[in-house]
Amino acid sequence: MFLPLADQNPHRHITAPYVTFALIGLNVALFLATTGLVPAQSATANMLGLGLIPAVVTEQAQLAPHLAVVPTWATWITYMFMHGGWMHLIGNMLFLWVFADNIEDAMGHWRFLVFYILCGVIGGAAHLAINPASQAPLVGASGAVSGVLAAYLLLYPRVRVFGLVFNILPLTIPVWLALGTWVMLQVYHLFTTVGGATAWWAHVGGLAAGAALVGVMKNRDVIFFSHERQLPVTVPRIPLKLR
């Protein structure tokens, strides 16, 4: 419904969001190497080897040895850097580009990286808890990105974001409206969609993780529900001494 392109929220603690840049670069590079620039058969094998397969994790199924790229425990991390197609990748990276830099600014580089990984792991865990016997690989950064969006919504709800409504109409709206609508859609799909290719529980798990973790991961001077406008800088009055 709304495709974000830019926000009006300057950095206050960091000079550049290096971790956000690195995450986007890693996601794009791995997609090209494992999916985007390889034959379809190889792409499928890579998703099976690097995706999070609930039935394999719960030992209800076993992955063929020639498909195992990393140990099963490592797929909790690798799955969130895999994507099923160009639109899947572009959508996640766009949300990451617009919103993650300010969460990195609010937390600092290393705490943000830990936060991002934890949201992805918890999102994967939510999907696994609901689908423990599924043999379909879970791939995508959506769980981690959902955590970032939850944190942004709690920290900067009044910031205005520019984007395309229905992917066509350019408009600037408050983040609480843009991301609040997105959150409600995730919950709606959670209870109305049967099957399908989208792991809605991973989204909601990531959202819950982001909302729960942001309070302990942010810098102490970052407050909830802050406004995008900084207070004006005032010049203190210095009394003149007449000689």
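**Aromatic pairs and their setting**

F31 counts as buried, since its relative accessibility is 1%; the term buried denotes under 20% relative accessible area, exposed denotes over 50%, and partly exposed lies in between (1.4 Å probe, protein chains only). W86, at 46% relative accessibility, counts as partly exposed. The model is predicted, so that local features need pLDDT of at least 70 and side-chain atom pairs count only at pLDDT 80 or more, while totals for chains, interfaces and linings use all residues. Residues are numbered from 1 along each chain as its sequence is written, and side-chain values use heavy atoms, with hydrogens and water left out.

Rings of Phe, Tyr and Trp (its six-membered ring) pair if their centres lie within 6.5 Å; planes under 30 degrees apart count as stacked, over 60 as edge-to-face and the rest as tilted. This rule gives eight aromatic pairs. In one of them, the ring centres of F31 and W86 are 4.8 Å apart and the planes stand at 75°, so the pair is edge-to-face. Because F31 lies in helix α1 (residues 18–36) and W86 in helix α5 (residues 86–107), the pair ties together parts that are 55 residues apart in sequence. Helices are DSSP runs (H or I, at least four residues), numbered from the N terminus.

F95 and W182 form a tilted aromatic pair, with 6.3 Å from centre to centre and 40° between the planes. This pair links distant parts of the chain, 87 residues apart: F95 is in helix α5 and W182 in helix α8 (residues 175–192). Both F95 and W182 are buried. Together with F99, Y152 and Y156, F95 and W182 form one aromatic cluster.

How values were computed. Helices (H or I, at least four residues) and strands (E, at least two) are DSSP runs, numbered from the N terminus.
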